[in-house]
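Dear colleague,

I am passing on the structure we talked about, with the sequence alongside. Please look it over before reading my notes below.

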Amino acid sequence: MSQLAPDAMHSLNAEPVKFLVVEDDSVSVMAIKRALKKLDITNDVVIAKDGQQALDILRGENGESKILPPFIVTLDLNMPRMDGFEFLAEVRKDEALQSTIIFVLSTSDAPKDVSTAYQSLIAGYIVKDNLGDSFVKAFDMINSYSKIVAMPTR
Amino acid sequence: MSQQTHASVAAGIVLRLRSVFLVISAVTILGMIAGLKQLQSVSNSIEELTVSSVSVFVNAEENERGLKELLFLLLRVEKLEEGDELFELERDTIVEITHLRSTMLDFPSPVDEQEAATHAEMTRSTNLALDEVESHARNILFEKKAVLDLDTELAKQESILEDAQRNLSNRLEDLTHVVAIENLRVSDEEAASLDQMRARYRQSLLYTNALTKIAADLDVVADSGAGVRKLTERAELQAAESALRFRLRGISNLLVQLPDIPERTELARDIVSIWKLILDPKGLIETAKQLQIHTERLGAHVSEVYVPLGQISAHSTELVASARARVEVARVDLAQKSARMSVISKLTGVLSLITIAATSLFVVENQISKRMAKLTKAVEAIASGNLEYKVDVEGADEIGEIASALEVFRLNAEALERSNIELEKFAYVAAHDLRSPLRAIQDLAEWTLEDPDCVFSEDGHENMSLLQQRIQRMNQLLTDLLEYARAGTESDKMASVNTKALFNDTVAMLAPSADFDIHYNGPDVDIVTYVTPLRQILLNLASNSIKHRDVAMQRIDIDIELGEERMQLRVTDDGLGIDGKYHQKIFELFQTLRSRDEVEGSGMGLAITHKILEHYDCSIYVISSPDVKRGASFCFDFPYKLANKV
């Protein structure tokens, strides 16, 4: 944890930012991993396959080890068990998790979904279009974000 | 239920309204009838008054006038100097009496037996009085006639007397001369004697004296005789008569003193005739006496006639009094009736008002007006989109039926909305849920191609390429499907945009190649409109033109024309054009005019455009005749407002 990543001197944060990717589709996960590889992002990535598992990871419950800040969450909206909106509601209710930075990564471009998501104070809403490098662009942005923006440390 | 009860209930509201009007009319008519009845009664009273009483007053005046007239006539008769007018006056008097007889007995019909008896009595006594008047009148006429005749006779006798007296005077004068001369004719023998002469002279003086006295007495007699007419008292006449007798006797005695000559005989005869003239039973004195008597009688009758006249007048007054009493009774009756009529009118008015108010309140207001208002509110609410509104109007009449029909509509609209929502949800979910695996397919295909260890043959490469194309196509299809599902369902807000800027933005999004131009014909104004869908439509139409262009196509024209509340837009190209038989088809879903391999297109662009325009109540059509001229022109209208009008 104390080991500094190669580009840490450009970063505001003490440690490299972790990514919690909440996504149920395995092919999408594969695509994300490939995008990260392409961008040469070596930060830790944790995968949760639905909202419930993501919560468990955030809280360190039900056999999951707790993820510690700094971290950024990318969230898909359509998931089984607990979908994105439910997860957002839960997170924002929880005092400990309130200030989590969450980017929505969804196929839906419906304005209703966008506005509802923003009502839960997400950091940004990214639409997954079917162009091949949309994940690349998204994570490139998120990476830069993580380097420029100060993260909550709690 | 509706069909069966419809006929029997159809008159529900109408029947009620008709009943209301009937009731109001009935009340009004009843009131009118009552009022008219009273009016009739009043009118009768007035007529009675006019016919009976007024005629009595008129009659009474007539009678008074008649009585006065009669009296006047009789007085004139009394004062008459000459007999010329007597006949006329006699006639007028008779006429007047006859007239009085008829008017006096013209009574109004009696109201009861007592009055009838009174009338009968009055008739009897009036007739008696009039008879008296008549007899007096006749007497007056008769006496007057007698007076006039006697007067004439008297005048005649007076003149005869005058003549006689004159003759006699002359004769006396002559005689006096004769005597004088006679006496002076003396014989010689007589002349010798002075005494005889003196005796003769003395005799002649005696004779002359006698004659003179006789003449003087005659004058007096004549005067007296003439003055008799003027005497009014019986006593005076008597005295005059005595004086005349005395004087005439005196004259006779004087005659004796005269010589017995034939002249003396003649003189005596003349004096006797004068005596006769005056004192005969038909003489002057007698005539004067008669005149006096008749004049007296005349005066008596005249004064006596006042009595019956007065009686008749009294009757007239009595009738007037009774008529007055009747008038008073009628007046009181009239006043009562008027009051009653006024009360009835007021009552009717109040009753009508109450009825109208009651029916208005109960039937019109409660049953009709209120429910209509509720129904209207419900209709408006539901029409404006509030499908939850409960229609709380019911009843077994037309309004109730409309309410139940409205409920049916509402349920239908609700069902429709639900199904629309369902459809949208379905489209949305479908598109989304289909997109995810499509992405996966696309990624996996790409990664496969990227895998350096995976080697494809030429066929393999082509297949993979086709695979990726098809994936793209499906993706686009899904996007368009989503767009179509969403089109026209969102209520976009109006925003301000400049027309020229709109055009420029569209061109920028199209990013046309250099070999053709996009032109703009239209105003450069700021307008307020639904910007997002408008942009969508323009983009769609223009990109369609570009997609279907051939090498010869050189331009696209975008025209905007501002109308009153809508603007007309036109996107024209000079491409291949669209055959007439496809002008309707192209707006349908999934319709393309070229195979999807030639031109990539989902066939939904125009369908989406059409759906959006339908939402705003606009229309779109295409003008194109490819065998006549190149090109196609898509025309549509769109709502807008001028920016400064806001």
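What follows is an account of what was found in it, beginning with the interface and then moving into each chain.

Please keep in mind throughout that this is a predicted model, and that the values below are computed from it.

The interface of chain A and chain B comes first. On one side 19 residues of chain A take part, and these are in contact with 18 residues of chain B. Together chain A and chain B bury about 1,500 Å² between them, and 47% of that area lies on carbon and sulfur atoms. Between the two chains the count is one salt bridge, namely that of B:Glu450 with A:Arg34, in which the closest N and O atoms are 3.2 Å apart. The search for polar contacts across this interface, with both residues at pLDDT 80 or more, likewise gives one residue pair. As for the elements involved, helix H1 (26-38), helix H4 (111-119) and helix H5 (134-148) of chain A each give two or more residues to the side that touches chain B, and H1(A) gives the most, with four residues. Sorted by class, that side of chain A has seven nonpolar, six polar and six charged residues.

Within chain B, the helix pair to look at is helix H2 (residues 12-79) and helix H9 (residues 284-383), whose axes come within 8 Å and cross at roughly 170°. Because angles over 145 degrees count as roughly antiparallel, H2(B) is described as roughly antiparallel to H9(B). The residues of this contact divide into 38 nonpolar, 18 polar and nine charged.

Salt bridges are found elsewhere as well, and a search of the whole structure gives 39 of them over all chains. One of these joins the side chains of B:Arg371 and B:Asp397, at 2.9 Å from N to O. B:Arg371 lies in helix H9 of chain B, whereas B:Asp397 sits in the loop between H9 and helix H10 (398-450), so the pair ties together parts that are 26 residues apart in sequence.

Two backbone features of chain A remain. A:Pro69 and A:Pro70 are joined by a cis peptide bond, with omega at about 5°, and A:Pro70 is placed in the loop between helix H2 (51-59) and strand E3 (71-75) of chain A. A:Asp40, for its part, has phi near 60°, which is a positive value in a residue other than glycine; A:Asp40 is found in the loop between H1 and strand E2 (45-48) of chain A.

With best regards

Key
Residues are numbered from 1 along each chain as its sequence is written. Chains are lettered from A and ligands numbered from 1 in the order in which they are written. This is a predicted model: local features need pLDDT of at least 70, side-chain atom pairs count only at pLDDT 80 or more; totals for chains, interfaces and linings use all residues. Side-chain values use heavy atoms; hydrogens and water are left out. Axes are lines fitted to C-alpha atoms, for helices over the stretch in contact, and angles run from 0 to 180 degrees between N-to-C directions. Angles under 35 degrees count as roughly parallel, over 145 as roughly antiparallel, 65 to 115 as roughly perpendicular and the rest as oblique. Ala, Val, Leu, Ile, Met, Phe, Trp, Tyr, Cys and Pro count as nonpolar, Asp, Glu, Lys and Arg as charged, and the others, Gly among them, as polar. Contact means heavy atoms within 4.5 Å. Buried area is the accessible area (1.4 Å probe) that two parts lose on being put together, summed over both. A salt bridge is a side-chain nitrogen of Lys or Arg within 4 Å of a carboxyl oxygen of Asp or Glu. A polar contact is a pair of N or O atoms within 3.5 Å; within protein, one must be able to donate a hydrogen and the other to accept it, and residues adjacent in sequence count only if both atoms are side-chain atoms.
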